Amino acid sequence: MMDKRKTVGFVSLGCPKALVDSERILTRLRAEGYETAETYKDAGLVIVNTCGFIDAAEAESLEAIAEALEENGKVIVTGCLGAKKDGAGAGFIKSVLPKVLEVTGPDSVQQVMDAVHRHLPRPHEPFVDLVPPQGIKLTPRHYAYLKISEGCSHHCTFCIIPDLRGSLISYSVGKVLDEAEMLFQSGVKELLVISQDTGAYGLDIQFRTGFWNGRPVRTHVTQLTEQLGRLARKYGAWVRLHYIYPYPHIDDLLPLMNEGGVLPYLDVPFQHAHPDVLKRMRRPASGEKHLERIQTWRKMCPDMTIRSTFIAGFPGETEAEFTYLLDFLKEARIDRLGCFPYSPVEGAKANDLPGAVPEEIREERRARLMQLQEAISYERLQEKIGKTLRVLVDETIRGGALGRSSADAPEIDGVVYVRKPKGMRRKLAPGEFVDVLIHDADAHDLWGEMVPASGKIQHGKREKTGETA
């Protein structure tokens with residue numbers, strides 16, 4: 001039976017950035033000798049890492065906190081919702097759920113640990129040797145998230161992230177690269193680079209030069225990506241970039257993708273295409289400029305996969321503006337796409353804009369957009385039939401495996417169903433790279449058969465026998 005005096009329950013909600021915060025808290029807890037409870041009743045207290053980005057996420061977080069209070073009684077709240085204020089300027093969580101022990105905001109590892117110490121004194125003997133060098137991870141062993149900064153300095157009218165997480169704070173380039181190498185050394189085969197605004201990395205400190213392994217490295221997304229690509233090639237792994245704002249210097253990342261290691265994949269949240277809607281969102285550019293960038297990226301890197309997100313039913317969006325967005329998508333043919341109906345999250349400046357779109361129209365427009373995207377995605381994936389793709393195995397299944405190609409980020413994109421060749425007896429293991437000949441596709445996923453290596457595989461690219469790298 002677990003000793004409640006040194007046992008903590010943990011609930012992690014929200015995006016990959018919040019997941020990294022959870023991993024850091026759990027690593028500290030483990031290093032100090034605390035154990036992790038599997039049930040509420042076994043825990044001395046419960047930590048809930050919350051999300052408050054949209055109303056649905058806020059409701060989920062409040063429900064999780066209430067459940068923890070009911071089942072355990074001692075709850076510490078952290079994360080984005082913890083930073084939210086009520087109408088009087090007081091803490092929102094305490095006003096709604098006053099029995100919560102303490103509340104902190106996001107990226108507050110030390111504050112969380114201080115709260116734990118006050119309510120569940122630190123065990124006498126730390127167990128640093130029980131903590132793996134890469135820390136505690138909540139992802140499968142073969143992939144991990146690498147957070148390079150906290151906060152955001154944009155002030156998009158639909159978003160309250162700057163209010164919850166503050167302005168951009170870039171992490172030390174040396175420490176980021178140290179963490180990346182440690183993760184690769186631990187067996188990670190795919191590193192997913194995340195932040196609120198990955199392309200702005202280093203902007204808050206004027207892109208000053210840092211040092212890693214005795215060498216100068218500029219605190220800039222291009223130089224960081226270059227070093228990450230070298231590490232990925234060294235360890236036979238992948239690097240995938242997320243949350244890339246379409247700054248002009250993003251073009252400089254494309255040659256690095258052609259070198260291997262860094263995947264030809266850009267997660268770019270365009271949000272809309274009509275210039276008037278983008279202006280109301282306080283987002284730059286327009287559909288025409290977006291198309292120019294997409295065309296440029298695909299010329300520079302023909303294997304490029306573009307993922308994006310869009311908002312339907314933003315305040316003031318007319319049917320003509322929405323039709324403009326649909327026309328843009330028909331021409332852009334974005335590979336992977338998510339669409340959300342506008343959510344009037346409390347505190348967002350967009351709520352004060354005229355022309356609020358009724359909920360039923362927001363939902364109807366989202367459905368129309370996703371129906372169009374399904375047809376586009378189907379066409380894009382049909383083009384992969386007959387091609388041999390490198391696939392990272394995620395899960396062993398009967399007769400083969402589930403995996404992902406360079407075009408598929410975990411949990412948000414599609415998968416590749418891999419069938420083993422006849423006569424192959426061993427199981428495919430998670431974290432293993434295999435070549436797969438694609439023979440079928442639908443609007444989301446691919447099906448194929450593993451093929452014997454006709455040549456060595458190097459850094460995510462096929463290399464024919466006899467050719468040099």
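1. Charge. The chain of this predicted model carries 61 positive and 65 negative side chains, and the centres of the two sets are 5 Å apart. Lys and Arg are taken as positive and Asp and Glu as negative, leaving out His and the chain ends; each charge is placed at NZ of Lys, CZ of Arg, CG of Asp or CD of Glu.

2. Basis of the values. Because the model is predicted, local features need pLDDT of at least 70 and side-chain atom pairs count only at pLDDT 80 or more, while totals for chains, interfaces and linings use all residues. Residues are numbered from 1 along each chain as its sequence is written, and side-chain values use heavy atoms, without hydrogens and water.

3. Burial. Of the 469 residues in the chain, 54% are buried (under 20% relative accessible area; exposed is over 50%, partly exposed in between, with a 1.4 Å probe and protein chains only).

4. Annotated site. An unreviewed UniProt entry gives the annotation "binding site" to C15, C51 and C80; such annotations may be inferred rather than shown by experiment. These residues span 66 residues in sequence, yet no two of their C-alpha atoms are more than 10.5 Å apart, so they gather at one spot.

5. Two of the cysteines. C15 lies in the loop between β1 (7-12) and α1 (16-31), and is partly exposed because its relative accessibility is 26%. C80 lies in the loop between β4 (75-79) and α3 (92-96), and its 6% relative accessibility makes C80 buried. Helices (H or I, at least four residues) and strands (E, at least two) are DSSP runs, numbered from the N terminus.
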